[in-house]
Amino acid sequence: MSQESKFNFSEEETNQDNVVEQSKEAVKKDAKGLFKSVRTFFSELLDFRDETDRDATIEAIKKDIPFKGATAWILICSIFVASVGLNANSPAVVIGAMLISPLMGPILGVGLSIAINDIDTLRKSLINLATMIVLSLLTAYLFFKFFPTADLVTNELFGRTKPDVRDVLIAFFGGSALIIARTKKGTIASVIFGVAIATALMPPLCTAGYGLAHNWDYFIGAMYLFTINTIFIALATFIVLKVLRFPMLKYANSKKRKRIAQLASILAILVMAPAIWTFVNFIQESGIENDYNNFVKDEIAENRELWFQNGTWDAEAKKITLYFNGEILEATEADLKNELKHYDKIKDFDLEINGNKNRSFDKISDAYDRAIKDLDEKDHIISGLRKEIAGLQVEITELNKKIEGSTFQNGSVSFTNLSRDAKVRFSDLQYFSFAKMLESKDFIKIDTIAVARIKWRSSLKDSLASVKEKQLGQWMKKQLKLDSLVIRRGD
């Protein structure tokens, strides 16, 4: 007869499994709810389509495209202001010129017209933009050609000739911020002003004008920067308007509409192609420069046995050239070439090392030792001269005491102390001298008299000067124990 178990756990385990499953389902629901809430939050936070005023945006951009009358004179004035700021190396003046420049209108017009397939607006935008560029270059050229100090290259000028990937990012995101602000109901003026400053369309044109007048390399670099800013602002405008789904312009003639759409697409590709190429090129060059700087820092600068002078790299030739003071051993050169392979962007570059055999470390050390020895010898000479000067000062002091002692017979008061006390007591005194002189009235008998010659400040009145002279005489008689004293006033 089998015995039945006193305890039955099967029902309890089944209940526990059900509770666990229910808990899992509850957690999944909570997670889904949380994810949905976060997604909804960010969607509401970042979605700006509901605030877009398409008709007002198109109208405002088209309104800023025309270039004539007051707009032309505003551009000329802003070019002059920017040129003065660049020449004077004044960022504040340059920023002021950016704020009043009307260059942004046609650039936004290019991006808008391509996005909505408006060929007429595109033609107007390109014509007005070209006119603005020519007028700006001409104005800046005339300023820098005839301004007296236009040949001085300042940091503000030089900074607009070497664009890099940061300029690409500034132009793209600045243009994005600008067009987003323009599409919003109630345009945000502060954003427009900020983009005008950040993207800096005016200074490159002024620098290009300087290049036309003095240096073609500056002209090429500055126009390159202006082209980057223009293309990426237009590209940002095109992308944002496409994201916002601005309506395409419709034409009655379907063939014409199709032809214009194809033309707009070709222009969009032409605008985006150099922009993308420029961006990729800058990214590659930035990576190469970063790896090169890390290679120099980690493998060369921290090696105390190497006296690194400078180096250059050439992306097109795939070559790195390094210059050192002192002779570089073959083992060291082989080690540097081997370490170069650990840096991805420059591992295929050829490494050329130039050392100075005539300035080896041993020779430089010898020259350093000789210089230290010469400095020690000079220190000994200077120390000896200082001792001689100190001895001469002691002798001069003794001679002064003797001279003063012979002048004052009793030796109780020196001229130095007497003159100093006289100046303290009589602040208006400008000149003071004292001596004992021989005097003869009948040319037979000779007397010794004490004479003090003084000069008062010119602003002191004669009546007051006479009183002070009397006080000075009484004081000197008492100090020098004299029976008589003659005071003579000098001119």
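Glu 377 is placed in helix 14, which spans residues 361-407. In this predicted model, Glu 377 belongs to a negative surface patch together with Asp 374, Asp 376 and Asp 379. The model also holds a nonpolar surface patch with about 480 Å² of accessible area, seven salt bridges and zero disulfides.

**Negative patch**

- Four acidic residues make up this surface patch: Asp 374, Asp 376, Glu 377 and Asp 379.
- Glu 377 has a relative accessible area of 44% and is therefore classed as partly exposed, since that class lies between 20% and 50%.

**Nonpolar patch**

- The residues of the nonpolar surface patch are Ile 74, Val 81, Val 84, Val 93, Ile 95, Leu 99 and Ile 100.
- Their accessible area together is about 480 Å².
- Helix 3 (70-87) and helix 4 (91-100) each contribute at least two residues to the nonpolar patch.
- The largest contribution to the nonpolar patch comes from helix 4, which gives four residues.
- Leu 99 is located in helix 4, and its relative accessible area of 39% makes Leu 99 partly exposed.

**Salt bridge between Asp 118 and Lys 62**

- Side chains of opposite charge can pair when their charged atoms come close.
- The count of salt bridges in the model is seven, and one of them joins the side chains of Asp 118 and Lys 62 at 3.3 Å, N to O.
- This pair connects distant parts of the chain, 56 residues apart: Lys 62 lies in helix 2 (residues 54-63), while Asp 118 lies in the loop between helix 5 (104-116) and helix 6 (119-146).
- Asp 118 has 4% relative accessibility and so counts as buried, because the buried class is under 20%.
- Lys 62, with 35% relative accessibility, counts as partly exposed.

**Salt bridge between Lys 319 and Glu 352**

- The side chains of Lys 319 and Glu 352 form a salt bridge at 2.6 Å, N to O.
- The two residues are 33 residues apart and link distant parts of the chain, with Lys 319 in strand 2 (residues 319-324) and Glu 352 in strand 3 (residues 350-354).
- Lys 319 is partly exposed, at a relative accessible area of 34%.
- Glu 352 is also partly exposed, at 29% relative accessibility.

**Salt bridges around Glu 469**

- Arg 489 and Glu 469 meet through their side chains in a salt bridge of 2.5 Å, N to O.
- Glu 469 is buried, with a relative accessible area of 16%, whereas Arg 489 is partly exposed, with a relative accessible area of 37%.
- A network of salt bridges links Asp 462, Glu 469 and Arg 489.

**Cysteines**

- A disulfide is a covalent bond between the sulfur atoms of two cysteines.
- The number of disulfides counted in the model is zero.
- Cys 206 is buried, with a relative accessible area of 0%.
- Cys 77, by contrast, has 42% relative accessibility and therefore counts as partly exposed.

Key
Residues are numbered from 1 along each chain as its sequence is written. This is a predicted model: local features need pLDDT of at least 70, side-chain atom pairs count only at pLDDT 80 or more; totals for chains, interfaces and linings use all residues. Side-chain values use heavy atoms; hydrogens and water are left out. A disulfide is a pair of cysteine sulfur atoms within 2.5 Å. Buried means under 20% relative accessible area, exposed over 50%, partly exposed in between (1.4 Å probe, protein chains only). Patches are made of residues with over 30% relative accessible area and no salt bridge: like charges are joined within 9 Å, nonpolar side chains (Val, Leu, Ile, Met, Phe, Trp, Tyr) within 5 Å. Accessible areas come from the Shrake-Rupley method with a 1.4 Å probe; for residues, only the protein chains shown count as cover. Lys and Arg count as positive and Asp and Glu as negative; His and the chain ends are not counted. The place of a charge is taken as NZ of Lys, CZ of Arg, CG of Asp or CD of Glu.
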